[in-house]
Amino acid sequence: MDLLNTLVDKGLRRELPTREEALAVLATSDDDLLDVVAAAGKVRRHWFGRRVKLNYLVNLKSGLCPEDCSYCSQRLGSKADILKYTWLKPDEASEAAAAGLAGGAKRVCLVASGRGPTDRDVDRVSQTIKTIKEQNEGVEVCACLGLLSDGQAERLREAGADAYNHNLNTSESTYEDITTTHTYADRVDTVHKAHAAGLSACSGLIAGMGETDEDLVDVVFSLRELDPDSVPVNFLIPFEGTPLAKEWNLTPQRCLRILAMVRFVCPDVEVRIAGGREVHLRTMQPLALHLANSIFLGDYLTSEGQAGKADLEMIADAGFEVEGADQVTLPEHRAGETGGCGSHASTGCGSQADTGCGSHADAGCGSHEGGGVCGSAAVAPSAATAAVPPGAGTATVPAAGEARTDLVAVRRRGAGTDLAPNA
């Protein structure tokens, strides 16, 4: 296809596609899907080889959020039966982080529900960051705490944070349909604050909330302009008890086309498959590794993910390798660049001069979101806790497009519980 040849050429040159080209990727047929994946895969391998960065979420404070984000199980008025607990102590958070790092994660993402942190909250998280860094040498830490006030990003950076996540989620024109307690501009402002403080900015989207192709292209083009180092792509999992509980709009093929479009628009940025991959990509997850260079390991904020061991086996079986702590995530040219999809002054990303940030997950509640967004991060029951899914051993095959509520499992282990985490 001439379209795909053009997009590969542009991706190798870091040239922005046209809106029409991005829309055309989303409009390709299932017959052309493997060609789309192969083309975007060339761009992914050019900038990131066959490395897959692993990120691990620690939910520092779960539930009881005052914001009304429609996708979120922790939202104001949510009836989702999720874990609810107040702040983890620094040692508890460090213990949870250590489980993910032992499983192969390179970055720990610290998330807390809420509109945004108070100064006392920043003090609390700063101590947690210091504890994690002291007890786990070489770890990257990303914070996701919601809307930031002046000076808070700088304080997190001083405490040792490498990155900050705050997703745009959807297009500016449709944002009011998803959230009313804060604005799209509020989110943009927080990403700017993270940039200005020298943190590696992480900002992404949620697909599957009823948006149009135009909305998806709008938010991805906005992300390119915003210039994050990492773009997490979440796929909505409709949690029972939330306003979007009936929104089952995604197929594995649709998810692959979305990931390919993001890769073409942001060719040299860490693209992360975040919440919902197990539910919507299902057996097609290995193909998505040809498009994204980063995933979350194990569970998400309020939902369970694929077993960590299964993640590692999937990566190896697909011919990829886990990115090591001594490897820089982002391409070297992004160190001093001022345009394109992500640029910062340093050897990796952000303004860090170590193993390179730029990968960050996110997911959160209130005004953040991300890798396993609150309420949209539900995932398939882990092999560690759910041995046989409903219908196993029978000839029943779900119909195409059928709501797979059987794949949504609320997290009952790890942070905030006495059970071992899934890593």
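Predicted model: local features only at pLDDT ≥ 70, side-chain atom pairs only at ≥ 80, totals over all residues.
Analyst: A disulfide is a pair of cysteine sulfur atoms within 2.5 Å.

User: How many disulfides does a search of the whole structure find?

Analyst: The search finds zero disulfides.

User: Why are cysteine 144 and cysteine 65 both called buried?

Analyst: A residue counts as buried when its relative accessible area is under 20%. Cysteine 144 has 0% and is therefore buried. Cysteine 65 has 2%, so this residue counts as buried too.

User: How far apart are leucine 16 and phenylalanine 264, in sequence and in space?

Analyst: They are 248 residues apart in sequence, while their C-alpha atoms are 7.9 Å apart in space.

User: How do you know whether threonine 190 is buried or exposed?

Analyst: The value for threonine 190 is 1% and the limit for buried is under 20%, so threonine 190 is buried. Threonine 190 belongs to helix H8, residues 184-196. Beyond residues up to four places away in sequence, threonine 190 touches Gly146, Leu147, Leu148, Tyr164 and His166.

User: Why are the buried residues of H2 said to line one face of the helix?

Analyst: Helix H2 covers residues 19-26, and its buried residues are Glu21, Ala22, Val25 and Leu26. Viewed down the axis of H2, these residues fall within an arc of 145°, so they line one face. An α-helix has 3.6 residues a turn, so residues three or four places apart point the same way. The buried residues of H2 pack against helices H1, H3, H9 and H10.

User: What makes the buried residues of H6 another case of one face?

Analyst: In H6, residues 152-159, the buried residues are Gln152, Ala153, Leu156 and Ala159. They fall within an arc of 120° about the axis of H6, so they line one face of the helix. Their cover includes helix H5, strand E3, strand E4 and H8. After H6 comes glycine 160, with a positive phi near 115°.

User: What makes a space a cavity and not a pocket?

Analyst: In a cavity a 1.4 Å probe fits but cannot get out, whereas a pocket is open. The search of the whole structure finds one cavity of 30 Å³ or more. The largest cavity has a volume of about 100 Å³. Its lining has 13 residues, with Tyr56, Leu57, Arg411, Gly414 and Ala415 nearest its centre. Strand E1, residues 51-61, gives the most to that lining, four residues.

User: What is the volume of the second largest pocket, and which residues are closest to its centre?

Analyst: The second largest pocket holds about 230 Å³. Glu92, Glu95, Gly414, Ala415 and Thr417 are the closest to its centre, out of 13 lining residues. That lining divides into seven nonpolar, three polar and three charged residues.

Definitions and conventions:
Residues numbered from 1 in each chain as written. Heavy atoms only, no water. 1 Å grid on protein atoms, 1.4 Å probe; cavity = no way out; pocket = protein on both sides within 12 Å on 5 of 7 lines; lining within 4 Å. Points joined across faces, edges and corners; volume = space filled by probe spheres on them. Nonpolar A, V, L, I, M, F, W, Y, C, P; charged D, E, K, R; others polar. Buried < 20%, exposed > 50% of the residue type's maximum accessible area, 1.4 Å probe, protein only. Helix = DSSP H or I, 4+ residues; strand = E, 2+ residues; numbered from the N terminus. Arc of directions from axis to C-beta. Contact = heavy atoms within 4.5 Å.
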